[in-house]
Structure formats: C-alpha cells, structure tokens
Amino acid sequence: MTPDDRFPGVRSSARPPSTPSTALAAETPAKGAGNRECSTHEALAAVIFVGQLFSLVPITGYGRNSDPRTVRMRYRSVQFVYGCVTLGLMLTLIAMLAAYTVDQPSFGVQEASSLVYYAIIVFFMVELMLLARNWCNIMGRWYVDELPFRSEPYQPPARSLPFHHKVRLIAFSVMFFAFVEDTLNFLSAYKLNELHIRYCPHRSGFWKNFFHREHPYVLRAIPYHAVLGWTIELTMRIAKFTWHYVDVFIICLSLGLQRRFVQFNERLERLEGQPQTQGVWRGLRLDFVRLSELVTFVDERFSKLILFSCANDMFFITVQLFNSFDLKPTTVTTIYFWYSLGFLICRCFLMLFVVSSISRASERPLETLRRFPSSNWNLDLRRLCDAVATSENALSGKRFFFVRRPLILAMAGTIITYELVLLDQVKKTPDTTRDCTF
C-alpha cells in the first residue's frame with residue numbers, strides 16, 4: 001500500500017509533483033458544500049478561543065472556518081506574551097511556596113498537595129504551549145486524514161448533534177460547573193476569613209487578612225499591596241481554569257476521533273449485508289487504516305497530557321477523600337467541599353469515558369462485518385476484518401496504560417479501596433480558623 005493510498009491529498013515523493021492549486025483542491029472543501037461535516041479543527045474553535053482568554057494555547061490565525069495550515073504560534077503575538085507572563089507568575093509563586101514550605105516545622109498532605117497543584121499547573125501550561133507550537137502540523141495532518149469522512153459516502157452520525165454543537169455543549173457544560181466550583185471556593189474562603197476575623201481581630205483590613213490566610217508564602221517575600229493581592233487572585237483563577245481545561249481539551253479531541261469511527265460503522269451498516277465490489281471493500285479498508293494511523297499519530301502527541309491529567313485527577317481525588325473526614329467550620333465550606341469532590345470525580349470519569357469511547361467505537365465495525373453472509377466474502381473484506389480485529393485504536397498515557405472501559409472500573413475500585421483503608425487510619429487535621437498567631 002502506497003502512501004497515497006493511505007493519505008489522499010498528501011503527495012508522495014514517488015509521484016510527479018502536483019501544482020499548489022491541485023493540492024489545495026484535493027484537501028479543501030468545495031464551495032457550496034454547506035452540508036459537509038465540519039472538521040475537528042473547526043469544531044475546536046470555540047474551545048481554543050476560551051482557552052486563550054486564560055492565556056492557554058497561544059496560537060494566531062484560528063477561526064471557525066480557518067485552514068489549520070495557516071495557524072501559527074507567533075512569538076510577538078499578544079497571545080504568546082500573555083501566556084509567558086502568566087507562566088512567569090506561576091513559576092514565581094511555586095518558587096515562593098517551595099521556600100515557605102521548607103521553613104515549616106512539618107510537611108504533610110496539605111503542603112504536598114499545594115506543591116503538586118502548582119507544579120501540575122505549570123506543566124499543563126508548558127505542554128499546551130509546546131502543542132501550540134506544533135498545532136499547524138498536528139491539525140494539518142488531522143484535517144487531511146478526516147477529509148473523506150466529511151462528505152459522501154460518509155454521513156454525520158444518526159441521532160447526533162452537529163459536531164461543533166456537540167463539542168460546545170459538552171465543553172461549556174463542564175466549564176460552567178467549573179465556574180460554579182471556583183465561585184464556591186471564593187465564597188468559602190470569604191466566609192472563613194469573616195470567621196477568623198471574628199475570633200482574631202486584627203488591625204489590618206479584611207482583604208489583607210484574606211490574602212494572608214490564602215497566600216502567606218507571598219507576604220513572606222513581598223509586602224502586601226492591593227494591586228499585588230488582586231494580581232495573585234487573578235492568577236489563581238487562571239490556574240484553576242487550567243486545572244479544569246486540560247480534561248475538557250482531551251474530551252474534545254477524543255470526540256473528534258470517536259465520531260469518525262462511528263461514521264465508518266454506520267456506513268457499513270447501510271450496506272445491509274449486500275454484495276459489494278472489491279473496490280468498495282478496498283476503499284473501506286484504506287479508510288479504516290487511515291483512522292488507525294490517525295489514532296496512533298494523535299496518541300504520540302497527546303499521550304503525555306493524558307498521563308498527567310489522569311495522575312492529577314487521581315491524586316486530588318484521594319487527597320479530597322482524605323480531607324472528607326474533617327468537620328468544616330462553615331456551611332458554605334461544607335457545600336464547596338462536597339461539590340468540589342463530586343465535580344472532580346465526575347469530570348475525571350467523563351474524560352475517561354469519552355476517551356475510552358474511541359476504542360469501543362473502533363471495535364463495532366467487526367461486529368457489523370460478521371453479519372455479512374459468507375457468499376460476499378473476498379480478499380479485501382477479509383483484510384478489512386483482520387485490520388479491525390488487530391488494531392489497537394485507543395489513546396494511552398505514554399503507553400503505560402490504554403484508556404479503555406475496564407480502566408474506569410479499575411480506577412473506581414482503587415478509589416473505593418482507598419476510602420475503606422482511610423476509615424480507620426486517618427487523623428483529623430487541626431482547625432486553623434481560630435489560629436491568631438500572626
């Protein structure tokens with residue numbers, strides 16, 4: 001099989017060079033094709049835009065109908081400068097927190113979780129910046145490989161929303177619940193500060209006391225100022241969004257791959273077991289190979305992000321379960337804590353479920369092919385069955401694990417086992433609401 005068989009629209013060096021207009025026509029949707037399925041690049045436009053509002057994915061030239069080959073990360077752009085400033089602030093905060101933690105008399109779960117939280121945010125910011133640098137190549141390849149699935153004989157999945165509407169619905173639903181979680185976080189800190197001032201009257205103002213309770217490691221190095229306080233709080237909002245955004249980003253990428261396998265299977269089902277020419281089976285086989293190679297390509301670029309996202313979610317689920325045994329000083333704090341834990345678990349398992357749906361969707365064609373009568377059997381049909389049966393179409397965490405449905409059950413079992421072990425072993429964390437030592 002030649003490269004041109006696998007990737008129509010990508011010129012092989014073994015063939016005579018085509019003109020730029022010919023290559024562009026092979027890869028660009030024809031004018032007037034308003035009913036075409038939108039590309040993954042186009043479906044992600046709104047998600048990328050929201051990420052850029054919070055200094056993530058600093059690329060320029062992105063739009064609803066933009067060509068992925070024209071998208072670039074420009075070092076003199078506002079997006080890149082904004083991302084670097086935010087990253088610099090986060091690196092400064094983690095350095096001050098590390099220095100503050102070293103001077104503390106003890107090192108426990110709370111101190112460890114704070115350091116891990118900042119470190120994972122910095123990693124996510126750097127990784128998304130590196131992906132932005134290669135976004136043109138990644139989405140350019142993706143755009144070409146999914147091009148056959150955006151027009152006849154393939155159709156949008158039955159009983160499904162338009163692709164870009166589905167991506168926006170899921171992404172913005174998760175972001176909305178994340179916004180609610182962050183709002184409750186602020187209200188909880190606000191109420192705890194009110195309670196602290198009630199027991200420990202200070203000459204300093206309400207917001208200085210608030211900032212001292214939330215970020216003592218900053219005041220240890222820099223005197224308090226209102227501008228400093230609100231700058232740090234704004235940076236914390238960006239950091240919290242980044243913490244949620246990576247899972248949303250992975251979900252949206254996975255929806256693009258899963259949708260193409262669903263389209264492939266539905267085309268098989270429309271054949272209804274009727275005899276087909278050898279050319280039809282050959283085309284179907286090449287399309288499936290194209291999808292399998294696209295999954296491998298995407299996995300190579302995003303598996304590190306998936307690995308750290310899963311590790312991050314599991315770590316903070318266990319930390320929150322550890323903290324669940326402590327009584328909370330205020331009602332708002334109690335509501336925030338349980339909402340945060342529930343949202344974190346739901347977000348984690350939603351991400352795993354959507355990513356694992358790629359593997360499930362890639363296995364369904366084999367069930368459909370087995371319903372074809374033996375009288376229709378031929379060499380290309382057999383090779384298609386072999387390709388479907390032997391392909392490992394699943395994203396992974398740097399190939400330490402593959403995200404399939406059994407992984408969800410394994411992680412749920414681990415969480416339940418951990419909770420049962422904690423019941424007799426956990427020690428309550430002392431309440432610092434009435435600590436007036438500063």
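**Exercise 1.** Find out how many aromatic pairs this predicted model holds, then classify the one made by Y118 and Y217.

*Solution.* Start with the count: 30 aromatic pairs turn up when ring centres have to lie within 6.5 Å. Now take Y118 and Y217, whose ring centres are 6.1 Å apart, with 85° between the planes. Planes over 60 degrees apart count as edge-to-face, so this pair is edge-to-face.

Y118 is in helix α6 (residues 109-133) and Y217 is in helix α10 (residues 216-219), so the pair ties together parts that are 99 residues apart in sequence. Finally, look at the burial: Y118 and Y217 are both buried.

**Exercise 2.** Work out which rings have an Arg sitting over them.

*Solution.* Go to R141: its charged end is over the ring of F297, 4.7 Å from the centre. Then try R347, which lies over the face of W243, 4.8 Å from the ring centre.

**Exercise 3.** Check the length of helix α13 (residues 331-369), then look for a kink.

*Solution.* The helix has 39 residues, and at 1.5 Å a residue it should span 57 Å. Its end C-alpha atoms are 57 Å apart, so the two values agree. Now the kink: α13 bends by about 25°, centred on S357.

**Exercise 4.** Sum up the chain as a whole: what is its secondary structure, and what share of it is buried?

*Solution.* Count the elements and you get 15 helices and 0 strands. Of the 438 residues, 49% are buried.

Key: Residues are numbered from 1 along each chain as its sequence is written. This is a predicted model: local features need pLDDT of at least 70, side-chain atom pairs count only at pLDDT 80 or more; totals for chains, interfaces and linings use all residues. Side-chain values use heavy atoms; hydrogens and water are left out. Rings of Phe, Tyr and Trp (its six-membered ring) pair if their centres lie within 6.5 Å; planes under 30 degrees apart count as stacked, over 60 as edge-to-face and the rest as tilted. Helices (H or I, at least four residues) and strands (E, at least two) are DSSP runs, numbered from the N terminus. Buried means under 20% relative accessible area, exposed over 50%, partly exposed in between (1.4 Å probe, protein chains only). A charge sits over a ring if NZ of Lys or CZ of Arg is within 6 Å of the ring centre and within 35 degrees of the ring normal. The expected span of a helix is 1.5 Å times one less than its number of residues. The bend at a residue is the angle between axes fitted to the seven residues ending there and the seven starting there.
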